[in-house]
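Dear colleague,

Please find below the structure that I am handing over to you. My notes on what was found in it follow directly after.

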Amino acid sequence: MNILTDGKPKLFKSPTEGLMVVKITDVSLSPKKEMGRYISDFSCKITEIGAVTQDILDDFKITTHIEA
């Protein structure tokens with residue numbers, strides 16, 4: 001849960017849109033009574049904040065550029 005609510009940009013891969021940089025907000029977990037409450041229903045709001053380029057990844061400190 002902490003990684004979802006830390007406010008940092010995330011990489012998200014959509015089957016239709018591909019990779020994008022997103023911000024996750026309004027995270028909600030609802031534990032299910034089945035399986036001893038180890039499984040939860042999950043919902044959130046995902047907002048695209050940028051295209052995936054090396055400059056964007058560097059600006060948001062998502063990855064470190066590695067020179068070959």
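In these notes, contact means heavy atoms within 4.5 Å. The model is a predicted one, in which local features need pLDDT of at least 70 and side-chain atom pairs count only at pLDDT 80 or more, while totals for chains, interfaces and linings use all residues. Residues are numbered from 1 along each chain as its sequence is written, and side-chain values use heavy atoms, with hydrogens and water left out.

I begin with the overall layout. The protein chain holds two helices and three strands, arranged α-β-β-β-α from the N terminus on. Helices (H or I, at least four residues) and strands (E, at least two) are DSSP runs, numbered from the N terminus. Of the 68 residues, 13% count as buried; buried means under 20% relative accessible area, exposed over 50%, and partly exposed in between (1.4 Å probe, protein chains only). Among contacts between residues at least 6 apart in sequence, 37% join residues at least 24 apart. The accessible surface comes to about 5,600 Å², with 55% of it belonging to carbon and sulfur atoms; such areas come from the Shrake-Rupley method with a 1.4 Å probe, and for residues only the protein chains shown count as cover.

Lys-10 deserves a description of its own. This residue lies in strand β1 (residues 10-14) and is classed as buried because its relative accessible area is 16%. Leaving aside residues up to four places away in sequence, Lys-10 touches Ile-3, Met-20, Val-21, Val-22 and Ile-24. Its side chain also makes a polar contact with that of Asp-6, at 2.6 Å. A polar contact is a pair of N or O atoms within 3.5 Å; within protein, one must be able to donate a hydrogen and the other to accept it, and residues adjacent in sequence count only if both atoms are side-chain atoms.

Pro-9 sits in the loop between α1 (2-5) and β1 and is partly exposed, with a relative accessible area of 21%. Its C-alpha atom is separated by 6.7 Å from that of Phe-60, although the two residues are 51 apart along the chain.

Finally, I turn to Asp-26. Asp-26 belongs to strand β2 (residues 18-31) and has a positive phi of about 50° although it is not a glycine. This residue counts as exposed because its relative accessibility is 60%.

Yours sincerely
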